[in-house]
Amino acid sequence: MRKHVKNVFLWVFAGVAVAAGVLLWRGGEGEEKGRRIIFIPKVIDEDNDFWKLLIEGVEMAAAENQMEVMIVAAETEDDYEAQNELIEWAIGEKPDAILLTPSSLTETTPYARKVVEHGIPLILIDSAIDEDIADTMIATDNVKLGEVEGSYMKQYATEESRIVIMGHVEGSSTAIERENGVRKGLGEYEDRIVEVVFCDSDYDKAYELMKELMEKYPDIDLVAGLNEYSAVGAARAIKAANRQDRIRIVGIDSSLEEIQFLEEGIFEIIVIQNPFKMGYLGVEAAEKILNGEKVLKKVDSGCELITNDSVYTEENQKLLFPFREE
Amino acid sequence: MSEEKGCFTVLSLFKSVKTTVLCLFSLLIIITMAIFFLISMDYTEKTILENSTDYTSRLVRQLNRDIDSYIDYMENISSMVIQGGDVQKYLFAEMPEEDMEEAYGRIVAQFNTIVETRQDISNIAVVAPDGKAIINGGRDRLNENVDLEEVEWYREAMQTTDSILTASHVQYVIRNNYKWVVTLGKGIKDSDTGENGGVFFIDLNYKLLKDLCENNSLAVNSYVFIVDKSGKIIYHPKQQLLYNGLTTERIDEVMGCGSDGYFITRDSGGKEGKLYTVSVSEKTGWRVVGVADISELMKNKEKTEYIYMFTSAILLCMAVVLATFFTTAITRPIKELKDSMKEVERGNLENTAVAIYSNNELGSLGNSFNLMTARIRELMAQNIYEQEEKRKSELKALRSQINPHFLYNTLDSIIWMAEGGRNREVVRMTSALAKLLRQSISNDNERIPLEKEVDYAGSYLTIQKMRYKDKLEYEIDVAEDIRKEEIINLILQPLVENSIYHGIKYKGSKGLIRIVGYGEGEKVILKVIDNGIGMDEKTLKGIFDISKKCEGKQGVGVHNVQTRISLYYGAGYGLHFESTLGEGTAAIITIPRNFREREE
């Protein structure tokens with residue numbers, strides 16, 4: 001009898017204990033994660049919409065995921081040595097993940113390997129390296145990007161065409177892939193490419209190069225810029241020489257100047273990437289990797305062709321002009 | 001409990017009524033409490049959700065009114081500018097250059113004042129189809145690459161006298177501007193033609209809208225966004241993400257709300273729901289949508305849940321303690337009744353009355369039990385009395401058996417002696433017989449003084465001695481102090497008779513029978529000792545059986561004596577034999593001294 005009573009009490013207390021335990025356990029959930037990541041783009045350039053938007057995307061995603069993000073970069077896009085030093089420094093900082101836009105397809109690789117060897121998740125953004133060691137890569141399909149340009153030019157190409165490709169950084173994965181894309185898009189007119197030059201992502205150098213080329217080949221009719229610097233630099237030269245009626249130039253990426261050149265009709269088309277999305281997806285991928293979720297080895301952030309009469313369609317406004325609240 | 005019936009199997013699980021009642025009580029309490037708990041939680045959840053919905057609805061409606069008055073204010077600015085007259089003058093009037101300059105100056109000054117005082121205005125401008133335009137401080141130009149006629153909001157404003165509002169868009173009609181804004185436009189009527197001859201517009205940036213939307217008092221992690229009447233975004237805290245397709249918003253569901261209302265969404269996990277509260281502005285057609293995490297709204301729910309659980313646990317403990325207490329109180333009489341019943345089962349009928357002072361079933365059960373035991377007691381007493389009566393009548397019957405038997409033997413001896421002419425002996429024997437008979441007749445009582453019983457045995461021995469002549473000798477030696485002791489009659493004579501017929505009769509030489517009596521403590525010992533043939537052990541053991549078999553043939557047998565003594569005096573008293581083969585036998589009677597029966 002007494003034993004029974006004791007049992008009843010035991011059960012009641014066990015029940016209370018379990019309930020309290022559950023409540024405590026549930027109360028312990030949701031503490032701060034406080035993850036730290038480091039993003040190393042090729043360059044931090046407030047005047048370049050691509051890098052500006054890429055960084056904005058990274059920062060916004062980091063804020064969304066309550067991450068702390070540190071962004072460091074070399075002075076210029078092609079300074080892979082400076083970037084490699086920064087990678088070494090970043091490894092020493094022991095962040096939870098490193099996001100990297102490699103400056104060189106080959107020279108950055110050993111340092112990228114170091115990141116992986118230190119067990120730090122590595123997310124490549126925009127550009128590739130020549131070894132498949134990164135956890136994931138978020139980039140525009142650069143071949144496709146070039147191909148869109150090439151295909152557009154093909155409509156106007158003839159057997160007599162002289163085609164110039166204004167590249168940005170020689171040896172960078174994006175330059176190589178985009179060039180290949182352009183060639184692919186041109187199809188049978190590929191052999192009309194008379195020269196491929198590199199401006200080292202410098203407006204003035206692109207301008208000068210374009211000027212020289214126009215002198216060298218007075219009958220140039222098609223120009224493909226492979227990034228914003230090269231496209232805008234070349235467009236400036238064409239506008240300055242008032243050759244816009246005879247030279248069709250197509251560009252990649254967008255900036256205010258580029259858009260205005262497009263409005264004016266100097267650019268026939270521009271093909272834009274989505275750097276904001278790239279940066280955002282890069283951080284999101286880092287978050288997923290750190291949470292132990294699976295991520296795709298390669299994510300295409302997409303590209304869009306904008307013609308001069310579709311600049312202000314509702315959709316293209318969203319793509320061309322980053323929404324900023326000020 | 002009721003093993004025979006086997007129906008209350010659940011109740012049979014426990015050994016006592018108390019445990020059963022307690023367990024059932026506890027079960028009942030727990031079930032009741034669980035149901036109560038669940039209903040309360042459900043109700044609380046509903047109430048909290050209802051309150052939250054009410055609360056957010058009110059907030060969102062208020063926010064919508066604030067936005068309406070903001071737009072009102074902007075419309076007032078545009079009306080003020082348009083009705084100032086300078087704009088019309090500048091656009092339509094044919095005036096000398098100087099007046100024109102003057103009007104232009106006044107408009108620019110007015111625009112500057114407005115832009116300087118309002119941080120939330122990006123651009124303020126007047127434009128006309130002919131390319132006349134005053135934008136902000138007059139420094140900005142129209143974008144020459146844009147044909148105004150192709151700009152939708154411009155066309156719309158030209159066609160109506162009401163003000164028009166755009167969704168979020170890039171302001172590309174102004175050169176080098178390209179800011180994301182919401183444009184409020186109003187056609188400017190040319191009084192000469194009666195048609196709109198230009199458009200005044202204000203571009204609103206997101207400063208104020210953002211402030212309004214962000215400084216809401218909704219729950220943590222909540223946000224507010226605004227869409228226009230066709231579902232295009234006016235303001236959203238994640239506008240850039242939406243534009244890049246990096247996040248989605250439930251615009252369709254918001255547009256599905258006919259007027260003010262709310263809906264609840266569940267994400268793919270089905271757990272983290274969101275409460276969407278929609279308020280539609282009659283003025284602008286804009287929908288202000290408040291989005292709050294259900295879990296945030298339900299934060300109080302967990303607290304309530306905790307309190308409910310805690311209270312339930314405490315109440316449960318108290319209830320169980322009280323249940324134990326009450327059960328004990330209720331079942332105590334049953335236990336008492338059971339204990340008394342056990343006593344009665346053991347045969348103890350004294351002091352088994354139970355004291356249950358209640359008027360319920362248990363009380364009457366106790367009373368019935370008491371009545372029953374009393375009745376049993378009565379019946380048992382009656383039974384004992386009846387047994388006694390029976391025994392007495394049996395004794396009487398036995399006693400009356402003796403006389404004819406013995407009489408025959410004696411008379412036979414007398415005849416035998418008379419035939420032999422032994423007159424003196426005949427006289428002696430006859431007088432002894434007469435004495436014997438007289439004693440027997442005169443003594444109706446079952447009990448007689450010991451001396452009378454001894455006399456009786458003496459008379460018998462006298463007769464027998466005469467019959468057996470020199471073969472029998474006897475001695476009587478009874479202590480004086482026990483002579484007056486009352487004993488049941490006819491116990492010595494049968495033993496004497498037994499000694500003669502079984503001991504002395506077969507002995508070749510002269511036999512001696514001694515009757516010895518003395519007191520020993522609280523007992524009286526009477527012995528009939530003979531020196532006859534004696535008995536072996538086997539015979540000695542079976543002596544009562546043999547005697548029983550021979551009963552009736554030889555008068556009152558030893559068995560009869562034994563039965564009567566033990567019946568009368570109780571177990572522990574009676575007759576036993578000691579005997580040695582060839583040396584003789586002693587029959588020993590043990591009876592209590594000063595024994596008095598209650599009756600008679």
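For what follows, Asp, Glu, Lys and Arg count as charged, Ala, Val, Leu, Ile, Met, Phe, Trp, Tyr, Cys and Pro as nonpolar, and the others, Gly among them, as polar. Keep in mind that this is a predicted model.

The structure has four cavities of 30 Å³ or more. The largest cavity holds about 110 Å³. What lines it? There are 14 lining residues. Nearest the centre sit Phe50(A), Trp51(A), Glu77(A), Asn227(A) and Asp253(A). By class, that lining has six charged, five polar and three nonpolar residues. Three helices of chain A each supply at least two of the lining residues: H2 (49-64), H6 (173-186) and H8 (228-240).

Now the open space. The second largest pocket has a volume of about 1100 Å³. It is lined by 43 residues, and the closest to its centre are Glu314(A), Gln317(A), Glu152(B), His169(B) and Lys232(B). Which elements give two or more residues to this lining? From chain A, helix H11 (314-320). From chain B, helix H4 (152-159), strand S3 (163-165) and helix H6 (239-243). H11(A) gives the largest share, four residues. The classes here are 15 nonpolar, 13 polar and 15 charged.

Last, helix H9 of chain B, residues 299-346. At 1.5 Å a residue, its 48 residues should span 70 Å, and the end C-alpha atoms are 68 Å apart, so the two agree. Where is the kink in H9(B)? At Thr331(B), shortly before the proline Pro333(B), with a bend of about 40 degrees. Just after the helix, Gly347(B) takes a positive phi of about 105 degrees.

Note on methods
Residues numbered from 1 in each chain as written. Chains lettered and ligands numbered in written order. Predicted model: local features only at pLDDT ≥ 70, side-chain atom pairs only at ≥ 80, totals over all residues. Heavy atoms only, no water. Expected span 1.5 Å × (residues − 1). Bend = angle between axes of the 7 residues up to and from the residue. 1 Å grid on protein atoms, 1.4 Å probe; cavity = no way out; pocket = protein on both sides within 12 Å on 5 of 7 lines; lining within 4 Å. Points joined across faces, edges and corners; volume = space filled by probe spheres on them.
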